[in-house]
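Student: Could you walk me through how to read a fold like this one? I'd like the general idea each time, then the case at hand.

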Amino acid sequence: MSSLPAAPRSVDHDDTRWAARHMPLLAHTMRTHGAAFAGRRIGICLHIEPKTAVLVSHLVQAGAQVTLTGSPGTTQEETADALRAAGVDVVGHRSDDLEQHRRNIATVLDSRPDLILDNGGDLIEGVLARGGMPGLIGATEETTTGGLRIRSWETQPDFPVIVINDSRLKLLVENEYGVGQSVVQGFMNATNLMIPGSRATVVGYGPCGQGVADTLAHLGARVAVADTDPYRALEALMAGHQVGDLRDLLPRTQLLFLATGRPGVIGAAELDVLADGTVIAGVGHMPWEVDSEALAARAVSVERSGSSGQEREVYRLADDREIIVLAGTKMINLTAAKGNPIQAMDLGLTLQARSLAALTDRVGNALTAGAQPVPATIDRQVASGLVELLSVEPDRAGRPGMSAR
Ligand SMILES: NC(=O)c1ccc[n+]([C@@H]2O[C@H](COP(=O)([O-])OP(=O)(O)OC[C@H]3O[C@@H](n4cnc5c(N)ncnc54)[C@H](O)[C@@H]3O)[C@@H](O)[C@H]2O)c1
């Protein structure tokens, strides 16, 4: 195959063209599996940013009809507008609150998709709330939080849901390396603070927290980790981080990164011991790791500043401590940076495209209903493609090549 994908011509947007130049795995997959999408209606909930625009553009070029909405607070308006101008049905805006987000989800479902690509479980929850959706073949779910949510429901989907995050490959390349780099980048963009020498605590040492902790440490921060899982805590210790109980670490923390994906991790007891001046950034999918009611109850004033995506809220507490919350703890790599690095998303979105295509073919026919990992054959094939891509010498233009497979 040729060394690089053609930039999707239909989306007139510099950042999307730039992303497309660095997404050869997805382009290759769409050449080999794109026929699966011809004539399909696809409902998507995913962060609206240039890498998503590349995927959507490929799907549309393959003959699919796409209805897209974003996740709360992360939509990049310029990208959404470029997709709309290219004829894609894009629903919603960055400023949408959770109520509007629910309406956006309903609009996507009203398009009666054959296939669903979900992020956080919102579309799939909507299907179940409607008592099912005739004609729906199956769905993919992008993230850890969505996978956990779906598996926790009493009523399970009666269609297959491939949880992309259950791919070994995605956890390694995207969650660990991709999230690590982009979260620290977003934090630096939002604060202009110095990382070397700072005291940073990362809560949750799953692949995402691990990437963040390791990136901070490489930059010279003094990193501490709190994880309730002793195996994960041990991993952090072996990687050279200080490990401890969260409440013991907080009084000495300057920069706090929340990567558990669970609600209320910073509750009343934790708020009471946070150090004065702590800056809090969200990594997990939902902006719920700080108990906002407990924080609001302790605040005597809130000062808001910063531009869109880089909002800072300075909470002054009754005991005179100040706690600074960035972008309401929404994912800082999406609000204050450009999301995960392009190559990491090339991999994740390739797993998405392969999994969506598999739902329509004989692999899909063999899938059972409910949440399940990416089929092992797909994971392995994509891993081999990535190894091949990263191993080759750059071509004369300084870009990676990739042979046909
Ligand atoms: N920002 C992004 O771009 C991005 C990308 C991928 C995933 N995510 C999200 O990041 C979050 C983490 O993803 P992951 O794959 O690392 O998840 P994971 O579930 O593998 O790891 C979370 C860790 O948090 C720990 N934990 C849970 N509750 C805790 C508590 N109260 N105190 C301390 N530790 C606690 C768990 O033991 C676990 O080790 C999820 O919400 C995921 O959806 C974000």
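Tutor: Let's start with pairing: two strands pair if DSSP finds at least two bridges between them. Strands (E, at least two residues) and helices (H or I, at least four) are DSSP runs, numbered from the N terminus. With that, strand β7 (residues 199-203) pairs in the parallel sense with strand β10 (residues 255-258), over 4 bridges. Within that pair, Ala-200 stands opposite Leu-255 in β10.

Student: Before we go on, what should I keep in mind about the model and its numbering?

Tutor: This is a predicted model, where local features need pLDDT of at least 70 and side-chain atom pairs count only at pLDDT 80 or more, while totals for chains, interfaces and linings use all residues. Residues are numbered from 1 along each chain as its sequence is written.

Student: In what order do the 8 strands of the open sheet run?

Tutor: Strands of a sheet pair through backbone hydrogen bonds, either parallel or antiparallel. Here the order is β9-β8-β7-β10-β11-β14-β13-β12, and the pairing is mixed. At the edges sit β9 (242-243) and β12 (299-305), each pairing on one side only.

Student: And what is the order in the open sheet of 7 strands?

Tutor: That one reads β3-β2-β1-β4-β5-β6-β15, with parallel pairing. Its edge strands, each with pairing on one side only, are β3 (89-91) and β15 (370-373). From one strand to the next, the twist averages 20° (angles run from 0 to 180 degrees between N-to-C directions, and axes are lines fitted to C-alpha atoms, for helices over the stretch in contact). Helix α3 (residues 50-61) lies across β1 (41-45) and β2, and runs at about 160° to β2.

Student: At what angle do α8 and α15 pack?

Tutor: Two packed helices are described by the angle between their axes and the distance between the axes. For α8 and α15, the angle is about 145° and the axes are 9 Å apart. Contact means C-beta atoms, placed from the backbone, within 7 Å. On the α8 side, Leu-169, Lys-170, Val-173, Glu-174, Tyr-177 and Gly-178 meet Ala-344, Leu-347, Gly-348 and Leu-351 of α15. That contact divides into 6 nonpolar, 2 polar and 2 charged residues (Ala, Val, Leu, Ile, Met, Phe, Trp, Tyr, Cys and Pro count as nonpolar, Asp, Glu, Lys and Arg as charged, and the others, Gly among them, as polar).

Student: Into which domains is the protein divided?

Tutor: There are domain 1 (14-166 + 341-391) and domain 2 (172-335), with bounds from an automatic or database domain assignment. Their centres, taken over C-alpha atoms, are 28 Å apart. Across the boundary, 12 residues of domain 1 are in contact with 14 of domain 2. On the domain 1 side, α7 (144-152) and α15 (342-359) each supply at least two residues, and that side has 4 nonpolar, 8 polar and no charged residues.

Student: How many residues surround the ligand?

Tutor: 29 do, and the closest are Gly-204, Gly-206, Cys-208, Gly-261 and Gly-284 (a residue is near if its C-beta atom, placed from the backbone, lies within 6 Å). The shell draws at least three residues from each of domain 1 and domain 2. Among its suppliers, α7, α8 (168-191) and α9 (207-218) each give at least two residues, and α9 has the largest share, 3 residues. By class, the shell holds 11 nonpolar, 14 polar and 4 charged residues.

Methods: Contact = placed C-beta atoms within 7 Å.
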